[in-house]
Amino acid sequence: MLRLIALRVAMAVPVMLVVATIVFLLLRLSPGDPALVLAGDNAGPEAVARIRAEMGLDRPLLVQYFGWLGEIARGRFGISILSKVPVLALIRDRLEPTLVLALSAIVITVVLAVPLGAIAAWRHNSWIDRGVMMLSVVGFSVPAFVIGYLLILFLSVKADLFPVQGYVSPFSDPVAALRHLALPSLTLALVFMALIARVTRSSVLEVLGEDFVRTARAKGNVERRVLWRHALPNAAVPIITVIGLGIALLISGVVVTESVFNLPGVGRLTIDAILARDYPVVQGLMLFFALIYVGVNLLIDIAYVIVDPRIRY
Amino acid sequence: MNTSEPILRIENLSVALPAGLDRSHAVRDLSLDVHRRQIVCVVGESGSGKSVTASAVMRLLPEKVLRITGGTIRLEGEDVAAASPARICELRGNRMAMIFQEPLTALNPVMRIGDQIAEVMRIHRPQIAAESVEARVIELMGDVHLPDPAALRRVYPHQISGGQRQRVMIAMALALEPALIIADEPTTALDVTTQAQILRLFRELLTKHDSGVLMITHDFGVVADVADHVVVMRHGEVVERGEPEQVLSRPVHPYTRALIEAVPRFRFRYRPERLAAPEPVLVVEDLTLTYRSTSLLGRKRETRALDQVSFRLAPGETLGIVGESGSGKTSLAKTLLRFETPDSGRILFRGDDVAALSGCVLRDFRRHIQMIFQDPYKSLNPRRRIGQSLTEGPVHHGLSRADAVARARELMELVGLSPDALERFPHEFSGGQRQRICIARALAMQPSIIVADEAVSALDVSVQAQVLRLFEVLQRRIGFAMIFVTHDLRVASNICDRIAVMKRGRIVELGPAQAVFGQPQDDYTRELIAAVPGGVFEVAPAA
């Protein structure tokens, strides 16, 4: 197990390097100039050139690239062009709402979607199955911002059950936090739930046809126990895989959801930084997301070994 | 309870098939009794309704597809067919238990075997303390002769052999000493020696636990060894029943006679001209193959799969490779096809060493040596038409499509199928037909050597006999050499010129079939021969 972790961490280094290169090139080669943004509408060409020189944007691309890599290797992700705050500090300050939101979305998903999918498989072709599958089509096809605004319209504005927007830290006021989190997490979780419910259903459906499920019935297991104790653990590998892949979906969802509900999280930071062409912040965020993704993949690999003893690395 | 009352009494059982199939009932009007300390064998080929009968007793039939339309099934006097679902759950595993055919797939792969055995007790006797359950699991594992129960109960099914898994299944079935044990082909997937041990075990446990066994089988050898009463089924109906001695030696129904005749028995063919060929097509010298695996803690484990294996194969000859599972038979076959690269040793194909080939030279060599696999259901791509499967290889190796199709049509006729079948999909064929298709696919490459790995083991005896005959005819007409890997010595004796007996990666005995089976030199060979089911029955063949 330790070897697996060490190996995966070692493998993350080249992955991150490739991500870093792409992030760097993507921003430099796309049109638009941060110096212009920073200098404002009234600045003359000299002022723009001065700002550009200050930021090192006038130097050759390769020099900029290696300089930047060197900084990163030393743990310095640069300073925001706009707010003059170190990028790491900026991300750290915005991390809590995003993590709380993402985690609650994942919890909602796993607690609701996995059982729903399993039951749909068990009651294959029944009305429960059709209902779950219909909901998952809806969850897939309606964009997060539409769902978000609809929820706000009906549950906040009309029914006045939840606050319209804003964030309260669960560490300061858990009850208010829960009320504030309910709609954003639901919005974020919906696509994810649709995906997981579908995968769980097809995976469990396949396992239910296996010989050992018949053996479990022949032992006198009631149907409920056959489903939870025998079928679901064997269907876990594809479900875990998709939960892992779904984290990517979640990252893009976080960006939209935080904008809709006006949460001061990393997602909002990303949008703001991109719109302002705040290069160091965008770069830092992309690396941060990539790192999270690599970390999640490592966790998934470890989870495989735990749920299926046949998997060994 | 009156001891003379049967444990299981099935009366006039009928199970309907969905409309539109070739017959209306999977089982029609079946009656049978199983008494205490009695083994009743239900014999028949696939489609005879024997497994449906077994599942009906356990109420494990998919009820949307197969419905019980008539008759009663009484377990210790209680009508199973009319019991509520809750009552059925109480009975299953408790008063009646089932042992399934496939030990590979019938155990939950992600649950420790000790837990799987304990589960039966936890379901039906939740009041028993955990320590007593544990002690009972160890006792049961000892009963079925599993080695080192205390340690073995913590492993997962994939970590033990097929024979051991079947013992786990049996331990599970015996856990609560049920009155009735239903065994559906319990030994079909096992080696002869394991099979003999398990059949002995059945007998032993039957007396110990005072239960009755309903055994489903297609093997008359097994019947001769263990049955107290035989029921022969065909197309869902009983065609003959009686004491095994009477049914085996004086079968009345022509179907029973045909089945008994199809049972492979030792029969040798002598073709000295095959062995006298001057130039061998394949020479294997000192082939060694080691599997290495590293455990989680970094501990390395080495398994010697092939240990200094040497033999030569003459053109047109059939060499049988026999031995138990784990003896290296399949590793040898894989290495000859170069799916595995040997550690050392040479494989000389027409004088050229192919042991170290790679890339396109290796691809080109593979054309000359083709493999036929055990499972005809899994070795054909279900989404491709037969014609595609048959022409893909030849086209890849440079034949024009029209020529490849012409050759495929010819081959289909050669293996006894209609050339029109090329347009159809694998699921439209029976197991025997699919194996014929696999043979045609191998022959499409015009190979010099065919490696058949347990090619007839998954087939019914009568189909088995047909396929063996087909191999013989084809070999005479086309003249390929064959390496025939099998665990069934009787099958091997029918088709092989020479036999190599393998044990733990080594060839322990190699010689003409008749000599190896007639006057075995090695103890292990003698052991294998003694374990062949129905040994006694062989002495007095029915014909």
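How exposed is A:N125? The legends below take up this residue and its surroundings.

**Figure 1. A:N125 in its loop.** A:N125 counts as partly exposed, at 47% relative accessibility (buried means under 20% relative accessible area, exposed over 50%, partly exposed in between, with a 1.4 Å probe and protein chains only). The residue sits in the loop that joins helix 5 (87-122) to helix 6 (127-141) of chain A. Helices are DSSP runs of H or I of at least four residues and strands are E runs of at least two, numbered from the N terminus. Although A:N125 is not a glycine, its phi is positive, about 70 degrees. This is a predicted model, in which local features need pLDDT of at least 70, side-chain atom pairs count only at pLDDT 80 or more, and totals for chains, interfaces and linings use all residues. Residues are numbered from 1 along each chain as its sequence is written, chains are lettered from A and ligands numbered from 1 in the order in which they are written, and side-chain values use heavy atoms, with hydrogens and water left out.

**Figure 2. B:Q446 in its loop.** B:Q446 lies between helix 16 (431-443) and strand 17 (449-453) of chain B, in the loop. This residue is exposed, with a relative accessible area of 52%. B:Q446 also has a positive phi, about 50 degrees, and is not a glycine.

**Figure 3. The helices of chain A.** Chain A has 12 helices and zero strands. Its C-alpha atoms fill a box of roughly 85 × 55 × 35 Å along the principal axes. Of the 313 residues in chain A, 45% are buried. Carbon and sulfur atoms account for 71% of the accessible surface of chain A, which comes to about 15,800 Å² (Shrake-Rupley method with a 1.4 Å probe; for residues, only the protein chains shown count as cover).

**Figure 4. The two domains of chain B.** Chain B is divided into domain 1 (105-177) and domain 2 (376-446), with bounds from an automatic or database domain assignment. The centres of these domains, taken over C-alpha atoms, are 44 Å apart. Chain B holds 21 helices and 20 strands, and its C-alpha trace spans about 75 × 55 × 45 Å along the principal axes. Among the 543 residues of chain B, 56% count as buried.
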